[in-house]
Amino acid sequence: MNQFNIRRIYAVALRVVRQLKRDRRTIGLITFLPIFLMVLFGYALSGEMSGINLGLVESGGHNSQMSYLEGVKDFNLIHLGSESDAEKQILDGKLKGAVIDLPGEIRVLLDASTPQIANAIMAYVNAGMGGDEQHKSGVRVGSAVDDGLAKKTTKGPRIAQRYIYGYDLQTMDSVGPAVVGLVVFFFTFILAAISFLRERTQGTLEKFMVSPMNNLEMVSGYLVGFSLFAFVQSATTLLVVVFLFGVPMQGNPLIAFLTILLIGVVATVLGAFFSNFAKTEFQVVQFIPLVILPQVVLTGVWWPLESIPEFIRPISYLLPLTYSNDALRMLMLKGASIVDILYPDLVALGLFFLLVFAATINMIKRKVD
Amino acid sequence: MGDYAVVAKGVAKSFGKLKVLTDLSLLIPKGSTYCLLGPNGSGKTTFIRAIVGLLRLDGGELYVLGQPVAKVSEVYSRIGYMTQHKALYPDLTLQENMEFYAALYGVEGKKRSDKISELLGWVDLDEHRNRLAGNLSGGMYQRLSLACTLIHEPDLLLLDEPTVGVDPKLRQAFWEYFNLLNAKGVTILITTHLMDEAEQCKVVAYMRGGKMRAEGSPEEIKRIAGLRPLLKLWAKDPELAASRLGTGGFDVRLIGERELQINLDDHSQIKDVLELVKPIDLRLVEPSLGDAFLKLAEAQDA
């Protein structure tokens with residue numbers, strides 16, 4: 001084989017970019033669809049709610065929150081006699097939550113199956129404490145929960161929350177960072193898979209095989225080209241979650257950006273790899289349930305890994321988004337540094353990339369026969 | 001070995017149970033135009049793919065430009081390979097397609113722009129160079145594909161049905177260019193269904209069922225098939241002429257009232273015929289290569 005040639009890599013990258021550039025719909029896909037999706041997710045996560053059935057139990061606390069809650073028009077308030085009564089009604093699905101007014105403590109019971117509503121309720125309870133006026137007319141959970149749950153109780157009663165149904169849910173803020181990774185992964189994967197498939201169906205792949213360019217150069221060229229594409233996407237999605245939905249960015253935005261880029265690169269090689277198993281573009285679409293959906297469900301985008309049954313969890317650890325989700329959450333929500341996410345997250349993503357990259361190059365070689 | 005661009009000895013390849021190439025042997029001299037002819041599924045494309053190392057052979061030996069086929073990648077920069085797929089990017093312009101292939105082969109700078117202009121001019125697409133390749137007609141697409149294949153001035157040109165969808169006038173231009181390349185020492189291996197194209201080649205190989213059935217110049221192939229030139233002749237006294245020719249040892253028949261048909265062994269016999277009879281008119285009918293292949297196929301089926 002010929003030596004590694006940067007110019008040939010550049011030629012492939014330039015070509016990929018030229019092709020994408022000319023494909024108007026794909027440009028739209030790259031820039032606007034992520035925004036659209038993020039907006040959709042954003043509002044789904046943080047949308048204002050109304051008509052929420054909320055139980056109130058007076059247990060001698062006489063805290064000011066109770067009268068505040070009385071004034072919130074989004075709630076249908078139902079006064080109940082005891083905490084156990086409230087719990088039963090939540091389990092029955094009649095209530096979305098209940099606030100118990102105890103001396104020195106506000107206890108909030110929340111329906112864990114509807115986290116958005118649970119967060120909205122929490123936000124109101126917290127708002128009632130600080131007298132924060134912006135919360136009065138409907139709450140945007142995405143941003144409100146942040147200062148709500150990570151509360152600063154300087155005075156007034158302690159707020160305790162208890163989820164009915166098992167586990168404690170993470171705040172919806174935590175979905176934001178993960179969704180960024182998911183969106184970038186999804187589009188890059190599909191586009192890379194189709195692009196690679198076309199190389200084969202157009203016969204250009206066969207011409208590559210008979211040219212001085214080797215597979216390493218070809219796949220590298222693709223990576224460079226698609227990184228640019230992932231670059232644009234990472235930037236737009238990140239900007240949308242941070243500025244439109246107020247998901248915090250506690251850590252270094254550049255490292256968050258690079259992490260998203262890394263997941264884009266992983267998606268590119270994974271797309272290239274899977275394209276070997278497809279004969280038509282229709283078959284590429286069939287990879288969505290196979291490759292994308294497990295990552296939506298099993299990598300902790302919506303609910304924590306801990307809530308996934310243990311016998312399935314090993315699969316989670318084989319999926320790249322598990323690591324990017326964790327890394328992005330650590331970066332954006334907890335202000336982690338690059339050292340904090342290096343192991344296992346970045347190392348795992350790096351290993352995953354190398355493994356699939358090597359497999360792809362080998363695969364192309366064999367597939368031609 | 002040094003005189004041949006491609007040497008195949010007993011090459012065999014099967015896909016599962018299907019034997020595509022069985023004991024195929026041939027020599028392609030450097031600087032020749034070698035044509036692989038044969039019906040669909042006869043193994044022509046498979047053989048070309050074997051030459052460029054895209055297939056693992058089941059048996060036999062194969063050398064390409066002096067290299068055993070296992071090391072053919074070392075001479076990739078000297079091979080131009082045009083597949084039946086056009087291998088172009090419809091969403092790039094003609095110019096961009098050519099630039100891309102030029103870059104793959106390290107053709108850069110002024111040489112690149114000169115070569116692109118030269119080739120686009122030759123395939124008559126220069127005025128379209130900024131159009132998207134996807135908007136071209138089938139024949140234009142084919143021409144662009146050929147131009148891309150030639151961008152790096154290969155020594156060995158492998159053309160798998162290069163003139164499909166190209167109109168006769170341009171097809172002629174293609175062949176003029178092939179001859180020009182040939183004169184520069186480029187070896188051309190071409191597959192085709194078209195007999196008139198095969199006639200232009202120095203060597204024609206007839207493949208069938210993965211085997212070489214006949215090989216030689218178009219004239220030799222016709223002879224192998226038992227086809228000879230036919231002389232049609234009209235004389236004042238056809239019966240007298242027929243008997244004279246008959247005694248002269250010619251294979252002659254009287255057709256209708258006046259027409260004589262004489263099967264010639266070769267063209268030099270025309271002179272002998274004219275010494276025996278003075279015709280009013282005569283016409284030489286050459287057997288076509290197509291007839292030869294039909295006859296060969298029939299003989300092999302029988």
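# Close-up views of a predicted two-chain model

View 1. Of the 152 residues in the largest nonpolar core, the ones touching the most other members are Val266(A), Val269(A), Cys35(B), Leu158(B) and Ala205(B). Helix α7 (residues 175-202) of chain A contributes the largest share of this core, 17 residues. Another core, of 25 residues, lies apart from it and includes Ile52(A), Ile106(A), Leu109(A) and Ile121(A). As in every view here, the model is predicted.

**View 2. Surroundings of Ala205(B).** Ala205(B) is among the residues that touch the most other members of the largest nonpolar core. With neighbours within four places in sequence left aside, Ala205(B) is in contact with Leu26(B), Tyr34(B), Cys35(B), Leu36(B), Leu37(B), Met212(B) and Glu215(B). One of these contacts, Cys35(B), is also named among the core residues that touch the most other members.

**View 3. The contact between chains A and B.** Chain A gives 21 residues to the contact, and chain B gives 21 residues. On the side of chain A that touches chain B, α1 (6-22) and α8 (204-209) each supply at least two residues. The most comes from α1(A), with seven residues. By residue class, this side of chain A consists of seven nonpolar, five polar and nine charged residues.

**View 4. Parallel strands around β1 of chain A.** Chain A contains 15 helices and five strands. Strand β1 (residues 52-58) of chain A pairs in the parallel sense with strand β2 (residues 75-80) of chain A over six bridges, and Asn53(A) stands opposite Asn76(A) in β2(A). Between β1(A) and strand β3 (residues 97-102) of chain A the pairing is also parallel, over five bridges. Here Leu54(A) stands opposite Gly97(A) in β3(A). Together with helix α3 (residues 64-70) of chain A, β1(A) and β2(A) make a right-handed β-α-β unit.

**View 5. Chain A as the setting for these strands.** Of the 369 residues in chain A, 46% are buried. Among contacts in chain A with a separation of 6 or more, 76% join residues 24 or more positions apart.

**View 6. The β1-β2 hairpin of chain B.** Strand β1 (residues 4-15) of chain B and strand β2 (residues 18-29) of chain B are paired in the antiparallel sense over eight bridges. Phe15(B) stands opposite Leu18(B) in β2(B). The hairpin has two residues between the strands, and Gly16(B) takes a positive phi near 65 degrees.

**View 7. Helix α4 of chain B and its cover.** Helix α4 (residues 138-149) of chain B has 12 residues, which at 1.5 Å a residue should span 16 Å; the end C-alpha atoms are 17 Å apart, in agreement with this. Nine of the 12 residues are buried, so α4(B) is largely enclosed by the rest of the structure. The buried residues are Met140(B), Gln142(B), Arg143(B), Leu144(B), Ser145(B), Leu146(B), Ala147(B), Cys148(B) and Thr149(B). Their cover includes β6 (79-82), α2 (94-104) and α3 (109-122) of chain B.

**View 8. Asp196(B) in helix α6 of chain B.** Asp196(B) lies in helix α6 (residues 195-198) of chain B. Asp196(B) has 14 other C-beta atoms within 10 Å. A residue is buried at 20 or more such atoms and exposed at 12 or fewer, so Asp196(B) counts as partly exposed. Asp196(B) and Leu289(B) are 93 residues apart in sequence, while their C-alpha atoms are 7.9 Å apart in space.

Methods. Residues numbered from 1 in each chain as written. Chains lettered and ligands numbered in written order. Predicted model: local features only at pLDDT ≥ 70, side-chain atom pairs only at ≥ 80, totals over all residues. Helix = DSSP H or I, 4+ residues; strand = E, 2+ residues; numbered from the N terminus. Expected span 1.5 Å × (residues − 1). Contact = placed C-beta atoms within 7 Å. Pairing = 2+ DSSP bridges. Right-handed = clockwise from strand over helix to strand, strands pointing away. Core = buried A, V, L, I, M, F, W, Y, C linked by C-beta atoms within 7 Å. Nonpolar A, V, L, I, M, F, W, Y, C, P; charged D, E, K, R; others polar.
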